[in-house]
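Good morning, and thank you for joining this group meeting. I shall walk through one model, and I ask you to keep the structure in view as I speak.

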Amino acid sequence: MLAFSAGVICFAGAFAYSPKVPKKVTVNGVSVGGMTRAEAARAVRKVTEDYLKDKTLKIVAGSTEYKFAYPEIYYKDDVYSVLKNAQSGKSYKAETRCYLCGMEEIASWICLNESSSAVEPYAKFSSYGVPFEYFEGNDGREPDRAKLIEDTANSLNGGFEDVVLKFKTVNRKTTLESVKQKTRLLSSFTTKFDGGNLNRASNIRLAASKINGCVLTSGKTLSFNNIVGARVKERGFLSAKIIENGEFTEGVGGGVCQVSTTLYNAALLSGLEIEEYHPHSLAVSYVPPSRDAMVSGKACDLKIKNTGETPVYIRAHTTNGSVTFDIYGKSDGAVYSLDSSVTGNIPAEEETTDDPAKERAGKDGVLSEGYLKITRGGTTKSVRIRKDKYLPVKKRVYTEIEAQG
């Protein structure tokens, strides 16, 4: 199409001028003499592209392979600069650099896929059977991203050798032995009961089972009442002897206090802190005086705090005549023992009854103190932790009342 302007004829869309390459010039082995520079560049680049179409880049990362081919693999060259300065009858070598398109992003993606964090050794706690199963963990690996980029460039501009991803080891920070040190048996305490008293034995087993498997993390407090819950028939608790108003009487949940008492002693022997406890109004038979821990409703609870830096693991198990608590964790370096001392008696009063079924021997009351002995570094100190008063049980003597006539 012709366009006219100011008396000058212009050809719209005229071809851009491209100088010709001098005769007898070769570039990268391709004869380009007499061609325009654009034609010569295309001819030289066709050889490069045909070469790349037959090539595959393989990046090997362990058992995984990442493969790339043309046109993901591309190139840059200085062909035009060579052609511009070419002289007749000479051969030239254009510099060609191959690259992987988006290499930075690809390297990041591969490294993300192939990296793995170290898995620290750990222990799995179980409520039954062997208390802990130990696992070694494993070191992690961190791909060397900079080396991957460097090796890929060298391969593409060399012989397309496989690129093997290099890794740096991410070492575990802890050892299995340190895990075992945090899961040692700190204490074990057992009390006995009459397995033939079926209701009481059932209550003990039920309450102990609710505590079994508890894990008390650092700084946390265990509430016996919160874990065991209300002692009511709807939750499986049965009627058995309890202490109420200074008397032994029937009540739902009898025997649960033996569970709390057993846990209390185990906690003291393991170095845990007792935040709350309550003595019974009467002395009990399954532990010495000043060693009991009564729980009742919401008002009287047993609360135990873990003041250490690592978790504490609690297991409970019962037999036909005993309940035991085992507490595991990291020792604070001390050895604990318990002692109690009776400091006085409260004589039991005597009363009469005309009902032979209500006759009983009675029992003196007790004044007592409880002590925690702490041995650390060869030195033992005894700390009084409580002072208690247990009421007497009145003696009842049957007296037959003579008939009036």
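**Helices, sheets and cores of the chain**

I begin with helix α8, which lies across β15, β22 and β23 and runs at about 145° to β15. Helices (H or I, at least four residues) and strands (E, at least two) are DSSP runs, numbered from the N terminus. Contact means heavy atoms within 4.5 Å, while axes are lines fitted to C-alpha atoms, for helices over the stretch in contact, with angles from 0 to 180 degrees between N-to-C directions.

A word on provenance. This is a predicted model, in which local features need pLDDT of at least 70 and side-chain atom pairs count only at pLDDT 80 or more, whereas totals for chains, interfaces and linings use all residues. Residues are numbered from 1 along each chain as its sequence is written, and side-chain values use heavy atoms, with hydrogens and water left out.

The average pLDDT of the chain (the predictor's confidence in each residue, from 0 to 100) is 92, and 94% of the residues score at least 70. Residues 1-15 stay under 50, and the model has eight contacts for them beyond four places in sequence. Where pLDDT is low, the predicted coordinates should not be read in detail.

Now the chain as a whole. Eight helices and 28 strands are present. The radius of gyration is 44 Å, well over the 22 Å that the globule rule gives for 405 residues, so the chain is more spread out than a compact globule. That radius is taken over C-alpha atoms, and the rule is 2.2 Å times the number of residues to the power 0.38. Along the principal axes, the C-alpha atoms fill a box of roughly 160 × 60 × 40 Å. Buried residues make up 36% of the 405 residues; buried means under 20% relative accessible area, exposed over 50%, and partly exposed in between, with a 1.4 Å probe and protein chains only.

Four strands form an open antiparallel sheet in the order β15-β23-β22-β16, where two strands pair if DSSP finds at least two bridges between them. At its edges are β15 (184-192) and β16 (215-216), each pairing on one side only. Two antiparallel bridges link β16 and β22, and Val215 stands opposite Tyr313 in β22. Helix α6 lies across β22 and β23, at about 160° to β22.

Helix α8 (residues 256-269) also lies across β24, β26 and β27, running at about 130° to β24. Those three strands form an open antiparallel sheet in the order β24-β26-β27. β24 (335-346) and β27 (379-390) stand at the edges with a single partner strand each, so one side of each is left without a neighbour in the sheet. Neighbouring strands here are turned by 20° against each other on average, direction ignored. Strand β26 (residues 365-376) pairs with β27 over 11 antiparallel bridges. Val366 stands opposite Tyr390, and Tyr371 has Arg384 as its bridge partner. The two strands form a hairpin with two residues between them, and Gly377 in the turn has a positive phi of about 60°.

Which residues touch the most other members of the largest nonpolar core? They are Phe224, Leu263, Leu302, Ile314 and Phe325, out of 43 residues. Such a core is a set of buried Ala, Val, Leu, Ile, Met, Phe, Trp, Tyr and Cys residues joined through side-chain atoms within 4.5 Å. Elements giving two or more residues to this core include α6 (198-211), α7 (224-228), β22 (312-318) and β23 (322-329). Helix α8 gives the most, with nine residues. Phe224 touches, among others, Val256, Val259, Ser260 and Leu263, not counting residues up to four places away in sequence. A second, separate core of 20 residues includes Leu100, Cys111, Leu148 and Leu156.

I close with backbone details. Most residues other than glycine have a negative phi, and most peptide bonds are trans. The bond from Tyr70 to Pro71 is cis, with omega near 5°, and Pro71 is found in the loop between β6 (64-69) and β7 (73-77). Phe160 is not a glycine, yet has a positive phi of about 55°; at 8% relative accessibility, Phe160 counts as buried. Asn28 has a phi near 55° and is partly exposed, with a relative accessible area of 23%.
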